[in-house]
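Subject: Structure for your files

Hello,

Please find the structure below. My notes on what was found in it follow.

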6 protein chains.
Amino acid sequence: MPALTHLNRKGEAAMVDVSAKPPVLREAVAEGRILLQPATLDLIRSNQVKKGDVLSIARIAGIQAAKQTQYLIPLCHQIPLSKVQLDFELRSKAVHITATAITVAPTGVEMEALTAVSVAALTIYDMCKAADKKMRIEGVKLVSKTKGTSAT
Amino acid sequence: MPALTHLNRKGEAAMVDVSAKPPVLREAVAEGRILLQPATLDLIRSNQVKKGDVLSIARIAGIQAAKQTQYLIPLCHQIPLSKVQLDFELRSKAVHITATAITVAPTGVEMEALTAVSVAALTIYDMCKAADKKMRIEGVKLVSKTKGTSAT
Amino acid sequence: MPALTHLNRKGEAAMVDVSAKPPVLREAVAEGRILLQPATLDLIRSNQVKKGDVLSIARIAGIQAAKQTQYLIPLCHQIPLSKVQLDFELRSKAVHITATAITVAPTGVEMEALTAVSVAALTIYDMCKAADKKMRIEGVKLVSKTKGTSAT
Amino acid sequence: MPALTHLNRKGEAAMVDVSAKPPVLREAVAEGRILLQPATLDLIRSNQVKKGDVLSIARIAGIQAAKQTQYLIPLCHQIPLSKVQLDFELRSKAVHITATAITVAPTGVEMEALTAVSVAALTIYDMCKAADKKMRIEGVKLVSKTKGTSAT
Amino acid sequence: MPALTHLNRKGEAAMVDVSAKPPVLREAVAEGRILLQPATLDLIRSNQVKKGDVLSIARIAGIQAAKQTQYLIPLCHQIPLSKVQLDFELRSKAVHITATAITVAPTGVEMEALTAVSVAALTIYDMCKAADKKMRIEGVKLVSKTKGTSAT
Amino acid sequence: MPALTHLNRKGEAAMVDVSAKPPVLREAVAEGRILLQPATLDLIRSNQVKKGDVLSIARIAGIQAAKQTQYLIPLCHQIPLSKVQLDFELRSKAVHITATAITVAPTGVEMEALTAVSVAALTIYDMCKAADKKMRIEGVKLVSKTKGTSAT
């Protein structure tokens, strides 16, 4: 049975030691969605052509959150992100969010991608909360994770 | 139809001006859950009697994230939190998370409660990701929001 | 001759004690501009109708920076901002930036407004630097500062 | 005509992907100045022999801000700075500020140098604002940018 | 026997709820010292007349750390500090550090004063570590704590 | 006589330039202790079997502080930590704290280990301060520092 790598043999919190792992190209893709009422989606849609729209702000919030993952998730390593990308799709009842995080580092970036999705969804929530009292964030999960060969 | 309060008439991002609102006792409760495989839940359960367990670390991460909501969600105000509390319940297929945020402030704290739930869920994800590849965060939403009379 | 309030009698750095000052409504307006080549201004202009445009991102960066002034400027107090607003005007050779900061607090918010202008200008610089090698930030200064009567 | 690299083909905010670029020695020098009244310059000058003087604090603020550029400028990468240096020159009507940032990284550090100059200028502003109501930050720009050959 | 206020009845981490406590003038004084070799103390002493000296930088670091106590100590409340002051005394074998924190808030600021002392000591350590391999931080403790009557 | 490396020839604050130093495996161990009354130690001991206990929270606070050393200590470099580990030992009159920091970087991590010890001690202080008015942090110092051969 797999153990929890973030607890040591005594059950204490522990960062996994990555000092022996070489920096390698790594990518993680995560997704999630925020369910909104159709009227709220219309509001988002109609603002999209203007500056300062909801999705543009959620995108920036997600990118900035990805860069701060190490300070939010206690046992995460400090990873220099090569790129973070947020994509939004307006569906019939939800905004679907996809985040891609890329790095050249000794450990993976799934937490960075998942954090970007979560904070982008929370930002949409914040901006629409006066208009919609029934929002819900669903299906935040990892879509894929890839790893290249050693960069050195 | 309600408008998006965080965009001004030109559709530009705007913080809502709260300078005329007196500080009032406010509470918000949010919830969410992270779906895990039964074996992962057993791992969390068996570690609970030890120091450094998963839920204890997720609790601290959630409390600290609530205090940083203003830096994560671009248009949130800086709110001094009187209390943040995180409660976890181990169910058959998920850890259920409830966060309560309390303040005496001119504006509400639902974003603080929702951020606490999200970051606690992400922390559980991080600590279990070596053991469980199928985790999913679901049902992050506001449960209740109350507001007292003026504190002044 | 006026003294430097942030240095005590021994010439040491000192935060000004504001504990005896009541919280009062205060507003500060600051401005500045970033000089760009006409072709760069055209690029910004043509992107304005799309999501994610330069000014929208600079606006968010300015708002977030205002909320972090206390951590950037060593002797600034922690001020809860009631509102931050950034306005941009595309002129013939520059983007003109105006920032308004509002608070109910024992001390003023000119540093918050000035920080918002500076970081918004730096963000425009960052986003245009591949296209324009001659940008320059000019005229960052306070425009006005007002103070209401005691809020208590 | 050069495009804006921080917007993708759809006009959305995007971090430039630097994962294929090797870490290389890079240096950037930026400058700016803050215009002060002669009496204020005298105050700064006379405090320079004491501990806690204005320029010493502005220097620390600039160095610390350079290390936080990635959190201030939304699309900046997280760059480990090898060195940051701030130099001040008291001229007849201004404090002239020069910042040098050095790294071994896949992308440049001009934003780090420009941020150091801006925050150092804002710190001087903050410390002199009780004595001088006419300060103005001018001429914040890049002076030079150099890049070595691959470090690997 | 007194209980640990930061653990609830189930032994879980908890922020103490301060929402019912009115904001009151509060002051805390903390102290500590860093033991150094006499030669290192001479180096600090001889630099004191120059800009950028060790104690001036430690002072700024202590002030800034006090303002970030809430993010360093997980269960601390966000307290707006009215003033932070750091005093240093060069003794025969140590730099003695005193920090004073003042606020008008519903809860005390001893952690802010203690954090200021600790980070000032660590900053002196950092700046002297090339010259002195035997430094030691000792006696970090609260000196006094006072509380005024309700400010409202 | 050794000079202070963090001051340049003019006595100004300066980050040491590490751009010519290759990334190398480095480890630092620091220690310290917080003196508590026996009754307080009993309280900590009896909570250790529960979730949310004092030492578990101090451990997380120490790990997170280590990752933020660069923002707390003005002239520290941004170091990506490969691992941070905190160990606690309950002795008759104190909690003894040991922190280990590991990196692959151009410069050492003693400040990260010392910061982890200090913030863990402060967190214990915070959590026990309602029960114990006589706590004192003592003996914060470096235990060992090792450096491997070039990783490149």
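In this predicted model, the axes of helix 2 (residues 54-66) of chain A and helix 2 (residues 54-67) of chain C come within 10 Å and cross at roughly 55 degrees. Helices are DSSP runs of H or I, at least four residues, numbered from the N terminus; axes are lines fitted to C-alpha atoms over the stretch in contact, with angles from 0 to 180 degrees between N-to-C directions.

From helix 2 of chain A, A:Ser56, A:Ile57, A:Ile60 and A:Gln64 meet C:Ser56, C:Ile57, C:Ile60 and C:Gln64 in helix 2 of chain C (contact means heavy atoms within 4.5 Å). These residues divide into 4 nonpolar, 4 polar and no charged (Ala, Val, Leu, Ile, Met, Phe, Trp, Tyr, Cys and Pro are nonpolar, Asp, Glu, Lys and Arg charged, the others, Gly among them, polar).

Between chain A and chain B, 50 residues of chain A are in contact with 50 residues of chain B. The buried area there is about 4,500 Å², with 68% from carbon and sulfur atoms (accessible area, 1.4 Å probe, lost on being put together, summed over both parts).

Residues are numbered from 1 along each chain as its sequence is written, and chains are lettered from A and ligands numbered from 1 in the order written. Local features need pLDDT of at least 70 and side-chain atom pairs pLDDT 80 or more, while totals for chains, interfaces and linings use all residues; side-chain values use heavy atoms, without hydrogens and water.

Regards

Technical notes:
Helix = DSSP H or I, 4+ residues; strand = E, 2+ residues; numbered from the N terminus. Buried area = accessible area lost by both parts, 1.4 Å probe.
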